[in-house]
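Subject: Structure for your review

Dear colleague,

Please find the sequence and the structure below. A description of what was found follows them.

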Amino acid sequence: MGRSEARVGPTEASSGRLLVLEVATNHDAKVLRTVDLASRKQRNIALCEDWIDSDVKQGDVVRVVLTHENGSFQLWDEDANEDTVPLLVTNDLHLFVHHPDTLVSATSVADSLKCLRKAVLACRTPSGMPAQSAAASEAAVFGNLIHDLFQIILASDSTTRDYESPECVSQTGGVDIESFFEAVEEVLYRNYESLYAAKILDQNARHVLHKVIPDIMEWYKVFMGSGNHMNTIGGLLRDGKSSHRVVVKEVHDIEELMWSPVLGLKGKIDASMQLKVDEADTGVGVFELKTGNSLGYSSVAHSAQTALYTLLMSDRNSRVVRHGLLTYIQYQEALKSILSEKCVDIPSKGDSSVGKSRTSKTIEGGQKNRVVIPVRGEVVALTMQRNRLAAFLRPGAAIDDLPPLLQGLPQICSKCFVNGSCMLQYKQLERGPIRNLSGGPGIDLFKEKTSHLSKEHEEYYRFWRSVLAMEEEHAGRSSRELWSKEGRKREAEGGCLSNLMLMPAEPSNSVSPHQLLTLGNRVCATFTRHPKTNLIGDISKTRVAKGDYVVVSAERAITDKQGFTDSYGSTFTWQCGLTNGFVSNIDSKSISVLVGRSLSAWTLHQGLNLSEVVWRIDCEEISSSHNTSKRTIENLFCNGENEITTRLRQFIVDGKGPKFDRTDLVQSKLEEKKNDTLSLNADQRRAVEMSLRAKDYLLILGMPGTGKTTTLAAIVLAFASREKSVLLCSHTNTAVDNLLVKLLDLGFSDFVRLGRNLDVIDKRVHDNHVSKICKPGIGTEQLEKELDAPRVLATTCLGINHAVLARRTEFDLVVVDEASQILQPICIGPLQFASGAFILVGDHYQLPPLQRSSGDNRRPLSRLVKKQRKATDEKALELEKVAASSNVIENESLFRRLCIKHPEAMVSLSLQYRMGGQIMRLSNELVYCGNLQCATKAVEMQTLQISGEGIRNMLPWLQAVRDPSKTIIFLDTSELEAKDERQSNGVRSTKRPGSNRRATDKAERENESDIDTVVESVRCLMEAGVASSDITVLSPFRAQVHLTRERLAENFDSGNSFGERSCQVFTIDQYQGKDNRCVMVSFVRGRLNPVGPLLQDWRRINVAITRAKEKLILIGCAKTLARGSSFLGAMISWLRMRNLIYMVSVLPVEGFRQ
């Protein structure tokens, strides 16, 4: 196929990612010397005319998209000579994209036209309290309702309409009138939670939706006709001074996700439609529905947004898209009629006037509809504006680098929804001079928003904004690899699955080319390896796991059909981000993903068969977690007049100590409620007592196995019995559900579980999930009663943006479990709802918060607090254990911060019910300074019940494995020949006989000798009658975990004499909070390899050695570990002094099974 025949869009017209090596400016051009990051070819770019003002610096990444003067795209010449004359980018030719890897939303670009600073702040820091989020905004809710209604009708019409048959006749296109009223009820049901949050009655919302039905029906009649576009007159719309007649031939998709790493843009388009303009088929166009103001600046912004969407659609369809249809549906009059209590006629199902044309002004006059046809000057101006915005949003942009204050329009600043953040960052980050305020927002606004802030506030705010910026940048690197790294290379590192083929849907679930999915609905898409690619292998041998959030993209097309190029040199992914979803199933041959669009329909619209598209699936971090954290820190300092945030600042930043009620007062309360304490030990009863005494906050130090869940359940029952409201939060769904299940076991069910995804919530609490309350037809008044009544709400710390919490904004008690594992901004989020006290529960002697960008935050131990402090609690522990390595990552949790500032606010749980006496003593002496105790004699003496038959004929180390009296042993593998090897994603760099593993560069660790020892230890225990379910294997390294699972499955999952599946294998971090009867820990590091940071963190080792109840088996090279860190050295010495180290010098012959 010749290149002249190819379909050409921005991707095909774009250069590769160009790194700027040098910038030279003269009087008529800015010349960039660049190098293609993929091909390494150099190319000179000359920015002329208006482009000369582009603020390009050495080291920036840029792209050039070739265009003709008429706006169509030119195919990029990949074979261009490196010494050719500079490529000129002018007002008439080509587009220059600065920082293309920063995907800026089209909405943000359009909104930045009035105030660039406002757009940057809105992108960097989503505004508002959780209780005042967009979900609670009346305008936003009605806008969403009308969008949902319109899209449901579009989806049903595309399913019922036969675009080739003139026999399909309906008064409103392919949609029966009854469908409108059914759709209204479906929309209300979908949005019950939002209606509840915004305090909108369902009957009022129904009234508004019924009132807009005639507008929607008339739109259908004019633009889509009676089911056959051949007979449709269309709407006569204006574009500036010109008029155009527009007909919608077909709806391709709705809520279409768009990513373009070529244009540096992203967006979600309301609908893509096949348009006919002035009797000519113009191909796919953009449809945007608006419910706001159609005049003034809003109109300009909406047109700009639609114009940018045409660019995105051009990239998606590999050909220029020139038309957008902008429609306004107004609801304000209907809403006013409700507020004024006027009697307004509502169309009914039997109304004969429904669907009939009311006035020609609606369509013909262009008051509610407009065609957008971007001209070259508009495209250039919007691309330049996008470049300005991207400069502030790019990865690595300084947090104090912001656009200047808007000048001369103080009335706009006073009403701006981000003025709090604007003034806060001007003071705390930019440290801007007061004189610049007088001509801008004004000194009065500045004082109003910042007068409560101190120097300590500034330091805390700057620190955490910097940390969160680094975290977001780190997450963004993974997203950028979707188009900047070849799929097979990223798969080797574990970040994705590539070279996949979409399987045909089952006959019962077949998808027609015109079937669309409305927002919130998902369909299962199943992929397997593509037979036409040379990458094969087990799909399950990857880090992609069930429940993961992923992005699905079309990697490339394999076809000889006319119009398709044979390569996409400017990007490693042909169509990025076609949809996203969650992995529902994964096995060795296939992976299934619940996605939000029909990929079969998209493939057919491209003119391709399923076998002609190669797909990739990339893991992606949900960005809302970063937004929630940033918003929390912003709220902590923005809301100077908010009583709750003022108190939080005093405790968290200013160091104010907590207060407690008198003991005698609480004792009298306890006497009244004796049953609240259940069967608790002394420590647990004291924790319940202190929780009732706390006026501000309480810290509960829960050592391993000490019954934190039971204690928290007792606290919840104590507060609920006193008619107090409680918000329960934790970092993970598992921890939240464990506590709720405990409450159910105790007969307490007066709670509501919040959360969007039922699949990740324990089935035992499904009956208490909010979705069970929001039933069809319940009505908002009844919903209000059922959501306001429960004393207890429960969600994760990142689930605080739920619509229900926009209405229920204050609780008498807020409890955060796992608080020592949570970054401070995430932990503070739920505390914003604490009108009373809050309780943090954790153990800062176990794993700290995970900070993915912590590589730049390593600090020597000497900078941590080393000295012990005398606490008022006689069982309080030292605040920092100097048994750690000399170089650790300091990720301070709020739990630890408050423990250090006010140890008198901490109560310890030290009576443990998990570990046998000898296992407990290891951690107790190395970490807990002797404070940990066995709760009962039975716990102290518990051992693994093992048959001793045949033990004398075993190797000495296997005898130790089998000996029930030896509850803790160390198996030293230093004399075995195999040494650990560098790995990536569990893929070996040197081949074992019979292995098909291939080498990669990314370094992780696995050790075959450790795994052989694990396999034989498991076999030895299972032969003695220990169930595989009673055995857990841990390792700090993912590669070791993957290979151990594989080897155990080979030996025990099929055809074995035990009739059981193999035991479970986890990383140490994954297993915190869990336990089992027997736990094996593979340390991996061989005799020639130094110990790295994962094992140097003593808190991770503490987690590993406190998971076992009856038998703890440690496996590794004793000499390597002993010199790895002071903590590991102390552990090896402790074991050696008690003769618990056994040399594994030889393995049984049967251990080397392939």
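Are tyrosine 460 and tryptophan 464 buried or exposed? Both tyrosine 460 and tryptophan 464 are buried, where buried means under 20% relative accessible area, exposed means over 50%, and partly exposed lies in between (1.4 Å probe, protein chains only).

Before the details, please note that this is a predicted model, in which local features need pLDDT of at least 70 and side-chain atom pairs count only at pLDDT 80 or more, while totals for chains, interfaces and linings use all residues. Residues are numbered from 1 along each chain as its sequence is written, and side-chain values use heavy atoms, with hydrogens and water left out.

Aromatic pairs

A pair of aromatic rings is described by the distance of the centres and the angle of the planes. Rings of Phe, Tyr and Trp (its six-membered ring) pair if their centres lie within 6.5 Å; planes under 30 degrees apart count as stacked, over 60 as edge-to-face and the rest as tilted. By this rule the count comes to 26 aromatic pairs. One of them joins tyrosine 460 and tryptophan 464 in a tilted arrangement, 6.5 Å centre to centre with 55 degrees between the planes. Both residues lie in helix H14 (residues 455-484), four residues apart, about one turn of the helix. Helices (H or I, at least four residues) and strands (E, at least two) are DSSP runs, numbered from the N terminus.

Tyrosine 460 also forms a tilted pair with phenylalanine 637, at 6.1 Å centre to centre and 50 degrees between the planes. This pair links distant parts of the chain, since tyrosine 460 is in helix H14 and phenylalanine 637 in helix H17, 177 residues apart. Phenylalanine 637 is buried, as is tyrosine 460. Elsewhere, ring pairs link Phe150, Phe180, Trp219, Tyr220, Phe223 and Phe287 into a cluster.

Helices H17 and H25

Helix H17 (residues 624-638) packs with helix H25 (residues 824-831) at an angle of about 65 degrees, and their axes are 8 Å apart. Axes are lines fitted to C-alpha atoms, for helices over the stretch in contact, and angles run from 0 to 180 degrees between N-to-C directions. Ser629, Thr632, Ile633 and Leu636 of H17 meet Pro825, Ile826, Ile828 and Gly829 of H25, contact meaning heavy atoms within 4.5 Å. Eight of the eight residues of H25 are buried, so H25 is largely enclosed by the rest of the structure.

Strand S20

Strand S20 (residues 697-702) is likewise largely enclosed by the rest of the structure, because six of its six residues are buried. Tyr697, Leu699 and Leu701 point one way from S20, while Leu698, Ile700 and Gly702 point the other way. S20 pairs in the parallel sense with strand S25 (residues 834-842) over five bridges; two strands pair if DSSP finds at least two bridges between them. Here leucine 698 stands opposite isoleucine 839 in S25. S20 also pairs in the parallel sense with strand S28 (residues 906-909), over four bridges, and isoleucine 700 stands opposite valine 907 in S28.

An open sheet

Six strands form an open sheet of mixed pairing, in the order S5-S3-S2-S1-S4-S6. Its edge strands, S5 (87-89) and S6 (95-98), each pair on one side only. Within this sheet, strand S2 (residues 29-36) and strand S3 (residues 42-48) pair in the antiparallel sense over seven bridges.

Yours sincerely
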